[in-house]
Amino acid sequence: MAATTVWQPLNDGLTEICTLLEQQISPSSAVDKSQIWKQLQHFSQIPDFNNYLVFILVRAEGKSIEIRQAAGLLLKNNLKGAYPSMSQENQKYIKSELLPCLGAVDRNIRTTVGTIISVIVNIEEGSGWPELLPALVTCLDSNDLNHMDGAMDALSKICEDIPHVLDSEVPGLAERPINVFLPRLYQFFQSPHASLRKLALGCVNQYVIIMPAVSIRKIALYNSLDKYLQGLFLLANDPVAEVRKLVCAAFVHLTEVLPSSIEPHLRNVMEYMLQVNKDPDEEVALEACEFWSAYCDAQLPSENLKELLPRLIPVLLSNMAYADDDESLLDAEEDESQPDRNQDLKPRFHTSRLHGSEDFDDDDDDSFNVWNLRKCSAAAIDVLSNVFGDEILPALMPLIQAKLSTSGDEAWKEREAAVLTLGAIAEGCFNGLYPHLSEAILQIVAFLLPLLDDKFPLIRSISCWTLSRFGKYLIQEGGNPKGYEQFEKVLMGLLRRLLDSNKRVQEAACSAFATVEEDAAEELVPHLGVILQHLMCAFGKYQRRNLRIVYDAIGTLADSVREELNKPAYLEILMPPLVAKWQQLSNSDKDLFPLLECFTSISQALGVGFAPFAQPVFQRCMDIIQLQHMAKVDPASAGAQYDREFIVCSLDLLSGLAEGLGSGIESLVSQTNLRDLLLNCCMDEAPDVRQSAFALMGDLARVFPAYLQPRLIEFLQVASQQLSTNLIGENLSVANNACWAIGELAVKVRQEVSPIVTNVVSALALILQHAEVTPAAYLFKSLLAMPESINFENSAITLGRLAWIRPDLVAPHMEHFMKPWCLALAMVRDDLEKEDAFRGLCAVVKVNPSGGVSSLVFICKAIASWHEIRSEDVNSEVSQVLNGYKQMLGNSWAECWSALDPPVKERLARYQV
């Protein structure tokens with residue numbers, strides 16, 4: 001039998017590829033890199049091209065390391081897409097060439113080989129390469145540094161990318177691969193070579209990170225935790241900073257996912273973390289600093305931490321001062337005369353309208369900046385203040401006062417850190433103690449106000465933020481003349497800083513003012529004129545980056561004061577500059593996004609007062625949506641690249657117009673093709689487009705349902721399909737809006753929803769059964785920014801509305817969903833929508849009273865959730881249901897009554913049952 005022929009490269013091909021790679025990595029500008037890249041991509045279509053690349057990486061010893069490494073990196077990228085379709089012969093050849101190179105003399109070659117190995121293991125999910133594990137073990141046991149380092153590098157990449165592969169059963173192996181590797185990794189904790197200690201610890205740490213995702217007891221690491229902890233203590237004072245950083249990361253991960261594992265060693269771990277929180281290497285100190293927040297979140301004994309506070313707090317405060325190399329120090333020097341650079345413009349993301357949930361705003365608008373020791377220390381102080389409240393003040397306030405009393409330009413960073421600290425503790429230390437500490441708050445604010453005019457921009461900017469954190473306490477002091485006076489001073493101080501010449505201060509003042517707007521709401525009304533004058537003055541002077549924040553502040557103002565903004569004097573200040581900017585920007589200019597969002601808030605706030613501006617705004621939104629639909633098909637003809645965010649923002653502004661103008665929207669939409677555009681958007685493949693489209697569908701259903709009539713059944717069918725389509729991730733928010741829109745249409749078109757009632761009710765029943773709402777679960781969901789299931793209120797209300805309109809179709813199925821439906825209704829606040837839902841509840845009970853008997857306790861609890869039913873007819877129907885069941889059950893009614901809690905009985909007493 002003939003021997004298998006080993007693949008060999010052709011010299012001409014090898015030379016040509018090496019030449020291309022050399023040109024590709026050449027720093028010379030004379031080389032056309034794009035043309036070379038096209039040639040390499042063309043070669044990628046040749047079946048054995050990847051064989052050439054691995055040959056160059058592994059065997060082309062006459063070539064430079066850079067060329068060989070470039071071949072390896074190109075091979076890695078090619079394999080990610082092409083490996084599954086490659087012939088088995090070529091796959092085997094590549095794998096056979098890689099393994100002997102694990103111990104290559106040059107580390108760049110070794111690490112490139114390790115990267116390619118991890119890519120293949122990722123694609124094959126650990127199967128199909130039986131030679132790999134023995135080869136890694138042989139290298140690890142070789143005592144040759146190159147071989148040990150190469151194997152460890154490959155292993156670390158596998159552990160980082162796909163740790164579960166090594167902790168799974170592998171056909172043909174007696175035990176899981178991780179059980180073979182763990183003892184060796186623990187041995188390397190004691191290696192004299194820092195690179196091996198670092199890689200070994202990094203490997204094991206990955207298995208702590210994945211613990212929450214799988215059954216802990218099935219993880220090999222869980223069964224050897226004692227050895228792991230011994231290793232961590234052994235490495236705790238390693239001379240190499242990267243190793244110490246990994247030790248800190250390990251303790252943080254263990255605290256987060258398995259706090260019981262460190263409880264026996266808690267004092268030692270805490271002392272160690274306190275020590276390395278002062279490490280001269282900032283990355284080590286940063287990793288250690290993460291421990292304090294993790295400790296509090298893990299709800300470990302607070303007494304241990306409380307004892308440590310007098311020593312911990314000074315360390316955290318010390319680390320809150322700006323480091324000399326902090327990038328913010330450079331940014332702070334920029335004044336408004338310097339033009340924005342493209343890299344200054346943070347990525348921005350529009351959030352589609354979601355009905356039935358509160359908007360989520362992250363306090364930290366600085367997410368684009370790098371997380372560092374200063375920010376982590378401030379976050380730790382914030383968490384500690386929320387856990388211990390005013391108990392941290394005795395250790396904290398003398399330090400703050402000492403830093404604030406420092407004088408001289410050289411000590412400005414200490415003063416700035418003290419102001420940051422006051423802002424960090426504003427929520428935790430004072431929230432629960434207000435109004436007992438109201439005098440202290442007034443004193444703090446009085447001290448901070450002059451700092452708004454400090455010569456150092458970063459002190460002015462941090463003072464804006466800190467004052468905004470105390471603003472809500474001053475608003476609560478509205479009845480106290482001192483409190484109101486302080487509030488006015490804060491308001492005017494922030495407005496003054498809006499017009500600062502320093503761009504960093506402008507940004508901080510504008511963001512701080514938006515926070516105060518949210519807290520103050522109607523308290524701003526007496527000051528609207530001066531507020532608008534300052535905002536529009538800022539609008540006129542800000543550059544692109546900060547202009548986005550002004551739009552946000554204007555939108556927040558509109559959301560806060562609502563119809564109070566609808567005064568001719570205010571509109572004369574507000575609208576002309578915005579309209580001028582609106583006309584200045586093209587339909588494909590991304591600077592339109594924040595302006596569209598701003599107009600959405602203004603249109604909702606002004607209501608019919610927005611009518612004079614509505615026609616051009618409406619037409620612009622229509623033009624933008626049509627342009628983007630064209631760009632999606634043919635960008636060249638459209639003269640613009642497709643970007644669905646234009647569609648989402650435009651749909652949301654149209655929703656704002658519908659909400660604000662009410663039936664006045666009729667004159668805008670009647671003679672347009674919005675209906676057809678909207679239906680297309682409801683069927684778009686992008687979830688955020690569908691989400692905003694269903695929001696607009698629901699808003700139109702409320703104010704002008706006749707407009708949807710010609711394609712009503714299509715709208716209803718598309719919306720109903722969203723309730724049973726892959727309800728995960730973004731699709732949940734789509735389904736939520738579709739559900740709400742169906743309910744809004746149902747109460748307007750009544751019997752015409754009949755074709756979709758059965759399907760929608762079946763879908764909502766499954767959703768409610770899955771949710772099984774309880775007050776605790778509802779509260780938990782409310783605390784999260786996005787729903788883990790369709791909003792309970794929307795599901796319960798829409799189901800009720802359909803039951804009200806077609807009880808004959810809903811009642812036969814009621815016993816399948818009555819309990820979760822009633823649990824959800826009990827969570828709904830008293831309003832007209834809840835009345836609709838209860839009309840439906842009463843209607844189906846009348847049609848099928850026996851279907852509700854098994855859930856009667858929950859029906860009673862749902863009825864008792866009302867504080868007051870204002871509608872006489874609903875109140876009467878509810879009374880009939882309760883008395884009907886009492887009569888129907890006879891002696892059994894007492895059994896049901898005894899199962900109810902006293903507060904429920906008390907509420908139901910009004911119905912004389």
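This tour moves through the structure selection by selection, saying at each stop what to pick and what is there.

**Before you start**

The model is a predicted one, in which local features need pLDDT of at least 70 and side-chain atom pairs count only at pLDDT 80 or more, while totals for chains, interfaces and linings use all residues. Residues are numbered from 1 along each chain as its sequence is written, and side-chain values use heavy atoms, with hydrogens and water left out.

**The whole protein**

Begin with everything selected: the protein has 46 helices and zero strands, where helices (H or I, at least four residues) and strands (E, at least two) are DSSP runs numbered from the N terminus. Along the principal axes, the C-alpha atoms fill a box of roughly 90 × 80 × 70 Å. Of the 913 residues, 56% are buried, a word that stands for under 20% relative accessible area, with exposed being over 50% and partly exposed in between (1.4 Å probe, protein chains only). Among contacts (heavy atoms within 4.5 Å) with a separation of 6 or more, 75% are between residues 24 or more positions apart.

**Lys95**

Select Lys95 in helix H5 (residues 88–98). Lys95 is buried, with a relative accessible area of 8%, and, not counting residues up to four places away in sequence, Lys95 touches Tyr83, Ile120, Glu124, Gly128 and Trp129.

**The second largest pocket**

Next, select Glu282, Ala323, Asp325, Asp326 and Asn372, which of the 18 lining residues are the closest to the centre of the second largest pocket. On a 1 Å grid over the protein atoms alone, a pocket is an open set of points where a 1.4 Å probe fits, with protein on both sides within 12 Å along at least five of seven lines, and lining residues have an atom within 4 Å of a point. About 330 Å³ of space lies in this pocket, a volume being the space filled by probe spheres set on the grid points, which are joined across faces, edges and corners. Two or more lining residues come from each of helix H15 (282–297), helix H16 (302–319), helix H17 (327–331) and helix H18 (373–388), and H18 gives the most, with three residues.

**Where H16 meets H18**

Keep H16 and H18 in view, whose axes come within 10 Å and cross at roughly 145°; here axes are lines fitted to C-alpha atoms, for helices over the stretch in contact, and angles run from 0 to 180 degrees between N-to-C directions. On the H16 side the contact includes Leu305, Leu309 and Leu312, and on the H18 side Ala380, Ile381 and Leu384 are among the residues taking part. Now pick Asn319, which is found in H16 and is buried, with a relative accessible area of 14%. Leaving aside its neighbours within four places in sequence, Asn319 is in contact with Asn277, Leu373, Arg374 and Ser377.

**Helix H33**

Move on to helix H33 (residues 674–682), which is largely enclosed by the rest of the structure because seven of its nine residues are buried. Those buried residues are Leu674, Arg675, Leu677, Leu678, Leu679, Cys681 and Cys682, and what covers them includes helix H29 (611–633), helix H31 (644–661) and helix H34 (687–703).

**Ile805**

Finish at Ile805 in helix H39 (residues 792–805), a residue that is buried, with a relative accessible area of 6%. Apart from neighbours within four places in sequence, Ile805 is in contact with Ala746, Val747, Arg750, Gln751 and Val753.
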